[in-house]
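Trainee: I have a model open and want to learn how to read it. Where do we begin?

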Amino acid sequence: MVHSAPNSADEFFLNLWAYTIGDYIQSMKISFTSMCWVLSSILNSQHSYPPQLPNTERYTYKEGSGKKLQLYVYKPADWSSEDSRPAIVFYFGGGWVGGSPSHFPSQAQHYADLGLVTVLADYRVASRNQTKAKHCVEDARDAIRYVRTKAKKLGIDPNRIASSGGSAGGHLAACLGTIKDPLEEVSSVPNAMILFNPVCVLTPIDGVELSTWNLKRMQERVGLPPEELSPAHYVKPGNPPCIIFHGSNNETVTFATAEKFSQLMNEAGNECTLHPFDGRDHGFFNRSRKERGDQDYHQTLALADEFLRNLKWID
């Protein structure tokens, strides 16, 4: 059984495979504490959407399901429209069901301070827009396309754009780097991937099994045969370089799935480094985890800094 742990008062993490309390009850595999976490997340999420993100510029990158979807852009203090800076586009977590662009503001500000242009992307989710995971992927692609198309206006190098995200947002970021883009006019393929507890296996693959309970609900959540949006099934030579942070005690997205994705990436000749965090659960990388302070948050940033430094994106 999978269930999610609470992350912070401003974050909305539901179980990846079920987004109604009824699903949990029917599964007969959730503890009272986990149920309280879910209820608390639902209540807290009401305060985080629409996000309040000061010091950002907002751009509408598309309209879908009657809603304007926005990008929240952080720029370095010395930014100029003549620049050609690297960029990172962050996708929030929430099981394709909820969540908010307010998930990654600390990371976005950190990299803006280091000279990158950073972007927090909104996208449609089931709780607000009655959408499936396939629509989330469509929006994620359109966000990268917009950033690449507007690269000159944003002072961005269109050949140095990373996708990043946590949980379901990590799934979106990984999809962009592995699954063929159906539109070739403007590519949505990132030049690097920075993944936090990403969902990389949506259907069984050699060495990784998923529970029957998960499989029965996966196609309903995804809106397509799950394999079509399973990044591990599309790894091939030439995928962008990747860094992954994953908790070894993650019961929402098991560590074995991250190991498998990393293994396949490296066997295909791609650069992929998996950093296991011993004893950590699903949301360990978020800021203000009171039981450990911000230790894991800062460690993931330091490792991502090194990854970007090796790419020569930061000094």
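Predicted model: local features only at pLDDT ≥ 70, side-chain atom pairs only at ≥ 80, totals over all residues.

Trainee: Is serine 164 buried or exposed?

Mentor: Start with the cut-offs: buried is under 20% relative accessible area, exposed is over 50%, and partly exposed lies in between (1.4 Å probe, protein chains only). Serine 164 is buried because its relative accessibility is 0%. Serine 164 sits in strand β5. Strands are DSSP runs of E, at least two residues; helices are runs of H or I, at least four; both are numbered from the N terminus.

Trainee: What does the side chain of serine 164 reach?

Mentor: The backbone oxygen of isoleucine 194, at 2.8 Å. For touching residues, contact means heavy atoms within 4.5 Å. Not counting residues up to four places away in sequence, serine 164 touches several, including Tyr91, Gly169 and Ala173.

Trainee: Which residues of α7 are buried?

Mentor: Helix α7 (residues 168-178) has eleven of its eleven residues buried. Among them are Gly169, Ala173 and Thr178. The cover over these buried residues includes β3 (85-91), α5, β5 (156-166), β6 (192-196) and α9 (255-267).

Trainee: Which residues have the most contacts inside the largest nonpolar core?

Mentor: First the idea: a nonpolar core is a set of buried Ala, Val, Leu, Ile, Met, Phe, Trp, Tyr and Cys residues joined through side-chain atoms within 4.5 Å. The largest one here has 57 residues, and Leu71, Tyr91, Trp96 and Phe261 have the most contacts inside it. Helix α5 (residues 133-149) gives the largest share of this core, eight residues. A second, separate core has 28 residues, including Ile194 and Leu308.

Trainee: With which side chain does arginine 124 make a polar contact?

Mentor: A polar contact is a pair of N or O atoms within 3.5 Å; within protein, one must be able to donate a hydrogen and the other to accept it, and residues adjacent in sequence count only if both atoms are side-chain atoms. Arginine 124 pairs with the side chain of aspartate 139 at 2.9 Å. Arginine 124 lies in the loop between β4 (117-121) and α4 (126-129), and is buried, with a relative accessible area of 7%.

Trainee: Why does aspartate 278 count as exposed?

Mentor: Because its relative accessible area is 61%. Aspartate 278 lies in the loop between β8 (272-277) and α10 (295-310).

Conventions. Residues numbered from 1 in each chain as written. Heavy atoms only, no water.
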